[in-house]
Amino acid sequence: METASKPRNPPGIGDTLAQDHHRCDELFASAEKHAARGAWPQAQQEINAFVEAMNRHISFEEQTLFPALEQVIGAGGPTQVMRMEHEQMRTLFRDMQQGAQAQDAPRLLGATEAAGPGPARHGAGRPGRWW
């Protein structure tokens with residue numbers, strides 16, 4: 001007897017954001033690996049791809065997700081904190097790009113250390129909390 005398979009629900013916003021965080025983390029790790037090996041053209045390419053992906057991700061959060069959340073939870077609070085985190089991250093992204101451009105491994109890797117274990121995981125402590 002055949003059993004009908006359950007239809008799968010499409011991925012939710014949390015799944016989509018988590019996948020995007022993972023993709024960004026992979027770009028970040030690749031850039032670190034190339035910089036540590038002194039493969040500067042690749043490191044520059046990966047850092048630039050990482051920053052572009054993160055800026056797209058942050059823009060989505062700030063322009064689409066946060067306003068929708070604020071309609072429900074009110075302005076300020078968690079979205080204000082996340083916006084401040086985004087500003088700090090943008091500064092680190094500029095430092096990373098400048099370090100890669102200057103082929104300065106200590107500067108690039110110092111900026112990546114300051115960012116923590118994968119800056120795309122900035123929301124890792126809040127999985128599913130907002131979406």
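Good morning. I shall begin with the overall layout. The protein has four helices and zero strands, so in sequence order its pattern reads α-α-α-α,. There are 131 residues, and 39% of them count as buried. The accessible surface is about 7,900 Å², and carbon and sulfur atoms contribute 52% of that area. As for contacts, please consider those with a separation of 6 or more: 69% of them join residues 24 or more positions apart.

Let us turn to helix α1. This helix covers residues 13-37, which is 25 residues. From the first C-alpha to the last it reaches 36 Å, close to the 36 Å expected at 1.5 Å a residue. Which residues of α1 are buried? They are G14, L17, D20, H21, C24, D25, L27, F28, S30, A31, H34 and A35. After the helix comes G38, and its phi is positive, near 80 degrees.

My next topic is charge. Side chains of opposite charge can pair when their charged atoms come close. How many salt bridges does the structure hold? It holds five, and I shall describe some of them.

The pair E52 and R56 forms a salt bridge with an N to O distance of 3.2 Å. Both residues belong to helix α2, residues 40-73, and they are four residues apart, about one turn of the helix. Is E52 buried or exposed? E52 counts as exposed, because its relative accessibility is 52% and the cut-off for exposed is over 50%. R56, at 45%, counts as partly exposed.

The pair E70 and R83 is also a salt bridge, and its closest N and O atoms are 2.6 Å apart. Why does this pair tie together separate parts of the sequence? E70 lies in helix α2 whereas R83 lies in helix α3, residues 77-101, so the bridge ties together parts that are 13 residues apart in sequence. R83 is partly exposed, with a relative accessible area of 26%.

E87 counts as partly exposed at 44% relative accessibility. R90, by contrast, is buried, because its relative accessible area is 17% and buried means under 20%. E87 and R90 also take part in a network of salt bridges that links them with E62.

I close with confidence. The mean pLDDT of the protein is 83, and 78% of the residues score at least 70. Which helix has the highest confidence, and which the lowest? Helix α2 is highest, at 94, and helix α4, residues 105-115, is lowest, at a mean of 76. Over residues 126-131, pLDDT stays under 50. For that stretch the model has nine contacts beyond four places in sequence. Where pLDDT is low, the predicted coordinates should not be read in detail.

To review, the protein consists of four helices with zero strands, and it holds five salt bridges. One of them, E70 with R83, joins α2 to α3. Thank you for your attention.

Conventions
Residues numbered from 1 in each chain as written. Heavy atoms only, no water. Helix = DSSP H or I, 4+ residues; strand = E, 2+ residues; numbered from the N terminus. Expected span 1.5 Å × (residues − 1). Buried < 20%, exposed > 50% of the residue type's maximum accessible area, 1.4 Å probe, protein only. Salt bridge = Lys/Arg side-chain N within 4 Å of Asp/Glu carboxyl O. Contact = heavy atoms within 4.5 Å. Areas by Shrake-Rupley, 256 points an atom, 1.4 Å probe, with all protein chains shown as cover. pLDDT = per-residue confidence, 0-100.
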